[in-house]
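Hi,

Here is the structure for your set-up. Please look it over first; my notes follow below.

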Amino acid sequence: MKILITGAAGQLGKELSIKLNHHYDVYSMSRAQLDITQPKHCNEVIGRIRPDVVIHAAAFTSVDLAETQAEEAYKVNVSGTRNVAVASEKVGAKFCYISTDYVFDGQTMNPYREIDLPNPIGIYGKTKWAGEEMTRTLTTKFFIVRTSWVYGMYGNNFVKTMLKLAKERDEIQVVNDQTGSPTYTADLADFIEKLILTEQYGIYHASNSGSCTWYQFTKAIFEECGTTTKVIPCTTEEFPRPAPRPKFSVLDHLSLRAEGFEEFRHWRDALRQFLNQIKV
C-alpha cells in the first residue's frame with residue numbers, strides 16, 4: 001500500500017513517517033517536496049505517485065501568528081487542503097485530514113462529540129474548520145481526525161518547552177482555566193494507522209483519555225521527572241496571548257466507541273512513557 005504524508009517534517013508527520021515506513025510504501029513530503037499551496041504541483045506529485053492513502057498533516061499551526069497572518073493561514077489550511085484533497089480524489093485515494101479541538105468555542109463543560117457543531121473563535125480554528133469543509137465537499141473517502149494538545153519526540157511542543165523552562169527558572173506561571181486533553185503522537189499515529197486500513201469514513205476525535213488544565217499538565221510533567229521548579233496557577237487574563245483560546249476543549253470519543261476502536265490510554269500514562277523515552 002502506498003501512503004503519502006504531507007507535513008512530514010512536523011511532529012505528527014514525522015511520527016507517522018517513521019512508524020508507517022516499516023510496513024508500507026511511504027512517501028514523506030516536506031514543504032520543499034510538496035508545496036500544497038500550488039494546485040499544479042499537488043496534481044503533479046500526487047498524480048505521479050498515485051497513493052492509496054493521503055494523510056494530510058501539513059498545516060499552519062501557529063495559533064497566535066495566525067491572528068496577524070490570516071491570509072497565510074488561509075492559504076495553507078484552506079487552499080492547501082483543497083489542493084491536496086482535489087489531487088487525492090483524482091487518483092481515488094483515501095484522504096485523512098488532521099484537524100483540531102480549536103474548531104470548538106469552549107463555551108461548555110461537556111466533552112465535545114463528533115456530532116456537535118463547531119464554532120471556532122480564532123483564525124487558526126476557523127481555517128482548520130474551513131479545511132474540514134474542503135475535505136467533506138471535495139473527497140468521497142475521507143477521515144477527519146480532530147486531536148488536541150499534541151506532543152511527541154519530534155519538533156517543539158509544550159512538554160519540551162516546560163522542561164526547558166524548568167532548567168532555567170525556579171518558578172513558572174501556567175494558565176489554570178483552559179482545559180483539554182494532552183495527546184501523545186505515538187498513540188495518535190497508532191490510531192491513524194488502524195483507521196486508514198478501514199473504510200469507516202467520517203469524523204473522529206482522537207486524543208488521550210482524561211483531561212486537565214495546562215497548569216495540571218505542567219505539574220504532572222514535573223512530578224513525573226522529579227523537577228522541583230514551582231508551578232504557579234494563573235488565569236488566561238493574567239497571561240494574555242494574541243489569539244483567543246477555547247476555555248474547554250475536551251474531546252469525547254463517540255466515534256471511536258461506535259466504530260469499535262479502542263479508546264486511547266490515559267494522558268498521564270502516555271506522558272510517563274514519553275518522559276521515560278526522552279530520558280529526562
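**Helix H8**

At 1.5 Å a residue, the twelve residues of helix H8 (residues 214-225) should span 16 Å, and the end C-alpha atoms are 17 Å apart, which agrees. The expected span is 1.5 Å times one less than the number of residues in the helix. Helices (H or I, at least four residues) and strands (E, at least two) are DSSP runs, numbered from the N terminus.

Before going on, the ground rules. This is a predicted model, where local features need pLDDT of at least 70, side-chain atom pairs count only at pLDDT 80 or more, and totals for chains, interfaces and linings use all residues. Residues are numbered from 1 along each chain as its sequence is written, and side-chain values use heavy atoms, with hydrogens and water left out.

Back to H8. Trp214, Tyr215, Phe217, Thr218, Ala220, Ile221 and Phe222 are buried there. Buried means under 20% relative accessible area, exposed over 50%, and partly exposed in between (1.4 Å probe, protein chains only). An α-helix has 3.6 residues a turn, so residues three or four places apart point the same way. The cover over the buried residues of H8 includes strand S6 (150-151), helix H6 (158-168), strand S7 (171-175), strand S11 (212-213), S12 and helix H10 (267-277). Gly226 follows H8, and its phi is positive, near 70 degrees.

How many residues of strand S4 (residues 94-100) are buried? Seven of the seven are, so S4 is largely enclosed by the rest of the structure. Lys94, Cys96, Ile98 and Thr100 point one way from S4, and Phe95, Tyr97 and Ser99 point the other way.

S4 has partners in strands S3 and S5. Strands count as paired if DSSP finds at least two bridges between them. Strand S3 (residues 53-56) runs parallel to S4, joined by four bridges. Ile55 has Cys96 as its bridge partner in S4. Strand S5 (residues 142-147) also runs parallel to S4, joined by six bridges. Ile98 has Val145 as its bridge partner in S5. From S4 the chain crosses through helix H5 (residues 123-138) to S5, and this β-α-β crossover is right-handed. Right-handed means that, with the strands pointing away from the viewer, the path from the first strand over the helix to the second runs clockwise.

S3 is covered on both faces. Val53 and Ile55 are buried on one side, Val54 and His56 on the other. S3 also pairs with strand S1 (residues 2-6), in the parallel sense, over four bridges. Ile5 stands opposite Ile55 in S3.

**Thr100**

Thr100 is found in strand S4. Thr100 is buried, with a relative accessible area of 5%. A polar atom of its side chain lies 3.0 Å from the backbone nitrogen of Tyr102. Leaving aside neighbours within four places in sequence, Thr100 is in contact (heavy atoms within 4.5 Å) with Tyr124, Lys128, Arg146 and Thr147.

Cys42 is in no disulfide, and the nearest cysteine sulfur, that of Cys96, is 17 Å away. From the side of Cys96, the closest cysteine sulfur is in Cys42, too far for a bond. Cys42 is buried, with a relative accessible area of 0%. Cys96 is buried too, with a relative accessible area of 0%.

**Two loop residues**

Asp252 lies in the loop between strand S12 (230-234) and helix H9 (254-258). Is Asp252 buried or exposed? Asp252 is buried, with a relative accessible area of 18%. Its side chain makes a polar contact with the side chain of Arg257 (3.1 Å). A polar contact is a pair of N or O atoms within 3.5 Å; within protein, one must be able to donate a hydrogen and the other to accept it, and residues adjacent in sequence count only if both atoms are side-chain atoms. Not counting residues up to four places away in sequence, Asp252 touches Pro111, Tyr112, Arg113, Glu114, His205 and Arg257.

His22 is found in the loop between helix H1 (11-20) and strand S2 (25-29). His22 is exposed, with a relative accessible area of 62%. A polar atom of the His22 side chain lies 3.4 Å from the backbone oxygen of Ile18.

Best wishes

Definitions and conventions
A disulfide is a pair of cysteine sulfur atoms within 2.5 Å.
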